[in-house]
Structures are given as structure tokens and as C-alpha cells.
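Please open the structure in your viewer and keep the selection panel at hand. We will go from stop to stop, selecting one part at a time.

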Amino acid sequence: MVTPTLAQFLTGHGQQFNVPGESLSLIADIAATCKDIAYEISRGALRGNMGNAGSENSQGEQQKTLDLISHDIFANMAEQQPHVAAIASEEMEHVQVFSGKNAAYLLVFDPLDGSSNVDLNFSVGSIFSLLPKPAGTIVAQSFFQPGTSQIAAGYALYGTSTMFVLTLGHGVYGFTLDPDSGEFYLTHPEMRIAPDAQEFAINMSNQRFWQPPVQRYIDECIAGNSGPRGKDFNMRWVAAMVAEVHRLLIRGGVFLYPLDKRTVGRGGRLRLLYEANPLGWLVQQAGGMATTGHRSILEVEPTSLHQRVPVMLGARNELELLVSYHSFKDPSA
Ligand SMILES: O=P(O)(O)OC[C@H]1O[C@](O)(COP(=O)(O)O)[C@@H](O)[C@@H]1O
Ligand SMILES: [Mg+2]
Ligand SMILES: [Mg+2]
């Protein structure tokens, strides 16, 4: 069988699951946007202005030049796209509404995830989530929809090859960009995350700030074969959530960015609308679990655009164990 292109896949999958044509054309445009961003990133040091842009986003984080370029590429596409009513982005404090369009969707994105990796020539990505436009005038609150409302979600990974990974709520599909033809081809149909795992990803330098359930879980992983888990674990940290989630989809494991003593006041580190919800939904669609430790990430009711949330993603059996530690009351305490 000939490998389908993304366009052919969208037509077939769309017919099979009755997906509205407008959302399919929008997804095709998002994939084209990611191709443009991949090109900009691939120019690397040749571009001459790789580093900090000298500005901060509304969350007080240094913006890289490529954060801003990637945001502009997304925003320009969305403005011209007939089906996007408004956008929200990591790199923009407020929502941007495109008036005069009779469009059905809101688009939320992290234009460049893991951008501290850019100077290193390591993996980075773009993350997006598509929400239905509620009736009435669009305001920031229009975007405050739980992850369960998402219509489509996905990411592009700019790694050793460029990939586009997508869910429309019927499984997870991965496409690889062919640099010769400029087409995305379906190379990873029906991606799945195995329920058991022996690999975890967490920023270990935050260990002293973690809460007891995560301390216990990671201590037990590190104790390995001679500890209560009775098996050895491996550890990875790419410092780009999008690449960590891709690893989960390729070879399993868990990815944790939990609440810690420093982030408890702001709810966590990673952002709900454009990081945790889209990637959490992909993980769930692949048979994995996406939890805050207490509840499904996708059920969290957003109350602000750049809201943060504790994130625990990946292998179901591992995460069920970690969730059980969150409800465990130490009788000796
Ligand atoms: O290594 P650190 O500093 O703990 O943080 C890494 C995390 O920060 C992020 O890079 C935040 O995303 P942005 O680069 O989009 O701000 C995540 O992708 C990643 O998981
Ligand atoms: Mg990010
Ligand atoms: Mg970003």
C-alpha cells in the first residue's frame, strides 16, 4: 500500500469520522505553518540572530527571536485562514480576535516549545489546540474551555526529522516531512503508549522542592531492582515538553512536571491551554494517562489564558501508582 500524505489521510479520516471539512482545511494550514517554522529553524546560526530577542512575554520569560518569528508565522496564517475566529498564544498577553469572519474555531498555540534548546541545535516543537468558538462576542473567557472540549490537537517536532503528530479524537497519527517533495507522509499510524514503563523524565534539579508523592515515586524508581519496584529505571530530560511527549509516543515512559514548593503559588510550571491540554489529550488518545496527580488534566476548568497546571503524562500503570501516592495518608505522620 502506498503511504498516504497528510492531505490524503485528512480526507479519508475525515470521511470515516464525519469531521467537518473546515477543521480539516485548518489542520492542513497548520501543518503548512509548521513546515515554514521548520525551515526558519533549520537555518540555524546562518540566521545570525538565534538568541534572546531582548523582550519578555507576559509571563516574565525571555523571548527568543525564533519564539517571535514562530508566533508571527502562526498568527499570519490564522488571520488569513477563513475558519479561525481568534487566537491565543504563549507569546501574546491577550487574545487576538479576527473580526468580520464567520469562523467556527479558536486556535491556541505554543509557537515554539523548548525554545531554550534552539541555540544548542536540540529538538524544539510547536503545539496547537483547536476549540469550538462559543456563541457571542469573543473575549478571553471564550478560550476558558476544558481540554475535553478540544476538537483537534497536535504538535510539530523539529528534530532530526520534522514530524507532525495529530489527534482528532480517534487515535494519534504521526507524519514525517519529506524534504524532497515537501509533503508530510503518514509514517506512524495509531501511535500507542504501553501501560508499563521503565523510563521517567523529570527535572531532577528541582528534587528538593517536590511534594511527598513525587519524592516517593522517584525515590522508588531510582532504588531500581533492589527497591520496592523491583526493576531498574532509566531517566531522560530533553527540556522540551513536546520532545518528551514524542518519546512517550515512540517508546513509552512517563513525563512529570509536578507542582513544587516554588511553583505552588502559580499552580505549576507548564501552561494548561497550549501545553498540557493538547499534549495531555494526545497521550490519552494513545492509551496513556494525563493527570495533575489528583484529576485528569483535561477536566481542569481554565480561569485564565496563561494558567499553569501540574503535569504528569504517560504509561497508565505507572501514573495510576503515582496518583495512588497522592491520596495516600502516611499513618505515622
Ligand atoms: O528544563 P526546565 O527549565 O525545567 O523546563 C523545561 C520545560 O520548559 C518548557 O521548555 C517550557 O516551554 P517554552 O519553551 O514554550 O516556554 C517545556 O517545554 C519544558 O518541559
Ligand atoms: Mg512550551
Ligand atoms: Mg514556547
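Begin by colouring domain 1 (6–188) and domain 2 (199–326), the two parts into which the protein chain is divided, with bounds that come from an automatic or database domain assignment. This is a predicted model, in which local features need pLDDT of at least 70 and side-chain atom pairs count only at pLDDT 80 or more, while totals for chains, interfaces and linings use all residues. Residues are numbered from 1 along each chain as its sequence is written, and chains are lettered from A and ligands numbered from 1 in the order in which they are written.

Next, look at where the domains meet: 36 residues of domain 1 are in contact with 29 residues of domain 2, contact meaning that the C-beta atoms, placed from the backbone, lie within 7 Å. On the side of domain 1 that touches domain 2, select strand 6 (124–132), which gives the largest share, 5 residues; strands here are DSSP runs (E, at least two residues), numbered from the N terminus.

Now select ligand 1, and ask which residues are around it. They are E61, E90, D110, D113, G114, S115, N203, A239, A240, M241 and Y257, each with its C-beta atom, placed from the backbone, within 6 Å of the ligand. Because both domain 1 and domain 2 give residues to this shell, ligand 1 lies between them.

Finally, select helix 2 (residues 21–42) and helix 3 (residues 65–80), which pack with their axes 10 Å apart, where axes are lines fitted to C-alpha atoms over the stretch in contact and helices are DSSP runs (H or I, at least four residues).

Notes:
Axes fitted to C-alpha atoms, helices over the stretch in contact; angles between N-to-C directions. Contact = placed C-beta atoms within 7 Å.
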